[in-house]
Amino acid sequence: MTPSGDEGHGLTLADRIQSLPVARIYGRLTKMTGLVLEASGCQLAVGDRCRIESRREKRCLEAEVVGFNDSVHFLMSLGNASGLQPGDRVLPLGHDMAIPVGNRFLGRVINGLAEPLDSQGSIRPDDTIPLSSPPINPLHRKPITDPLDVGVRAINGLLCVGKGQRLGLMAGSGVGKSVLLSMMTRNTTADITVVGMIGERGREVKEFIEHTLGPEGLARTVVIAAPADESPVMRLRAALLCHRMAEYYRDQGQDVLLLMDSLTRYAQAQREIALSVGEPPATRGYTPSVFSQIPKLVERAGNGIEGSGSITAFYTVLSEGDDLQDPVADAARSILDGHIVLSRELADSGHYPAIDIESSISRAMPQIADETQQKAAQVFRHYYSRYHQFRDMMAIGAYQRGADPELDRAIQLYPLMQGYLRQGMYERIDHASCIQQLYSLWQGGTTPAPTPGNDTEVA
């Protein structure tokens, strides 16, 4: 007789027999208010899992402890709680959850419990690991020194991304963030991609996989989906699973690209749970625990210790009403290593990807790009911003050519800069070509190619 599931993994038969409980203590459901279930009579701690046995529906439902008050425990179910009634048994399952991992998950779509959502059958794992993991000592992490090719010209050339960097993708609804994520998934040189679709519309999951991602992108990708109709606990579990999967591949020496859509939905799920157990709201209805959980999540990405791989992470952040001062967006900017802003104005004009290069920044670029590329990006930003400052004056004919030689150069270079920022959805450009095309911009205008230590271009 052996323990069920993965609890006996790696143990001898004697250890397994020794670990079998002599008696099982269970509790009973006493109350349900909104999303919160109340149980008493069992010994549970925050974060523990339990199984609720529905007498009416003749089924079992998994739940997680999210709080307590004296001897009463507050639970939130991972599925549909219909059919539960007072007196249903609550059986503790233990604190941590062992999740299956391995290369057989590549090309598959799973939920927050690592169960397959596609129609390709069950997945036989190579190993099992706990869902939680101890944080890496920051002094033991490898520094960010090597660039990662994401296959997007504007990012490779002007917002150089390094292996182990974490960036936010700030965008409103309908400005092309999903398309940009799919471009990076198909074009990146990372060994493995982990995509987390957290709290998005269920319709978008299939569309993203079949039409946006495609067979080529899916082949080396693990997709973890927890749509908006899932419980908040399941959405949080899926977000944690994304990072744990990425950590597993990183510890195997792989370079991982982690794309999570979206960090805002993760924060909203945490807010739902916190408000349900009585935590007072703070900024715009978000509870203080939300802003303590975001750093804990994103700090799991990044470089590992010497000899391991890396996790380069992109988190989409929804800016409600295109307001970049949204609390979640503001918190993300303060903790991440840079941010890429997508502009609705550019998207409405047919400019894709709609990256607002003036509002975007990569904090790790000085450690990744050489001095020549940094100077080229600086000159690009200068002339691009210069053109936009006087665009309205030029539109009404208030500016005459020759009045400002620097603005004249910006006007001449602007079509070339626009062409550099635009890229087709299925167009792939490698990192070296992105840099070479950035240098070539100055060959078509009156501005010389930037050289290290030459500050005369930005006068």
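A salt bridge is a side-chain nitrogen of Lys or Arg within 4 Å of a carboxyl oxygen of Asp or Glu. Keep that in mind as we walk through this structure, which is a predicted model. The idea behind it is simple: side chains of opposite charge can pair when their charged atoms come close.

Let's begin with Glu 53 and Arg 89. Their closest N and O atoms are 3.1 Å apart, and the two residues form a salt bridge. Glu 53 belongs to strand 3 (residues 49–54) and Arg 89 to strand 6 (residues 89–94), so this pair ties together parts that are 36 residues apart in sequence. Arg 89 has a relative accessibility of 27% and therefore counts as partly exposed.

Next, look at Arg 108 and Asp 118, whose side chains meet in a salt bridge at 2.8 Å, N to O. Here both partners sit in loops: Arg 108 between strand 7 (98–101) and strand 8 (109–110), Asp 118 between strand 8 and strand 9 (127–130), so the parts they tie together are ten residues apart in sequence. Is Arg 108 buried or exposed? With 7% relative accessibility, Arg 108 counts as buried, because buried means under 20%.

The side chains of Arg 391 and Glu 345 meet in a salt bridge, with 3.3 Å from N to O. Arg 391 lies in helix 12 (residues 391–395), while Glu 345 lies in helix 9 (residues 344–348), so the pair links parts 46 residues apart in sequence. Arg 391 counts as partly exposed at 30% relative accessibility, and Glu 345 is exposed, with a relative accessible area of 53%. Salt bridges can also share partners: in this way Arg 49, Glu 62, Glu 64 and Arg 237 are joined into one network. How many salt bridges does the structure hold? The count is 23.

Now let's turn to how helices pack. Two packed helices are described by the angle between their axes and the distance between the axes. Helix 6 (residues 263–276) packs with helix 7 (residues 288–298) at an angle of about 135 degrees, and their axes are 9 Å apart. That angle makes helix 6 oblique to helix 7. The crossing of helix 6 past helix 7 is right-handed.

Which residues meet here? From helix 6 come Leu 263, Tyr 266, Ala 267, Gln 270, Arg 271 and Ala 274, and they meet Ser 289, Val 290, Gln 293, Ile 294, Leu 297 and Val 298 of helix 7. Sorted by class, this contact has eight nonpolar, three polar and one charged residues.

Conventions. Residues are numbered from 1 along each chain as its sequence is written. This is a predicted model: local features need pLDDT of at least 70, side-chain atom pairs count only at pLDDT 80 or more; totals for chains, interfaces and linings use all residues. Side-chain values use heavy atoms; hydrogens and water are left out. Axes are lines fitted to C-alpha atoms, for helices over the stretch in contact, and angles run from 0 to 180 degrees between N-to-C directions. Helices (H or I, at least four residues) and strands (E, at least two) are DSSP runs, numbered from the N terminus. Angles under 35 degrees count as roughly parallel, over 145 as roughly antiparallel, 65 to 115 as roughly perpendicular and the rest as oblique. A crossing is left-handed if the near helix is turned anticlockwise from the far one by less than a right angle, and right-handed if clockwise. Contact means heavy atoms within 4.5 Å. Ala, Val, Leu, Ile, Met, Phe, Trp, Tyr, Cys and Pro count as nonpolar, Asp, Glu, Lys and Arg as charged, and the others, Gly among them, as polar. Buried means under 20% relative accessible area, exposed over 50%, partly exposed in between (1.4 Å probe, protein chains only).
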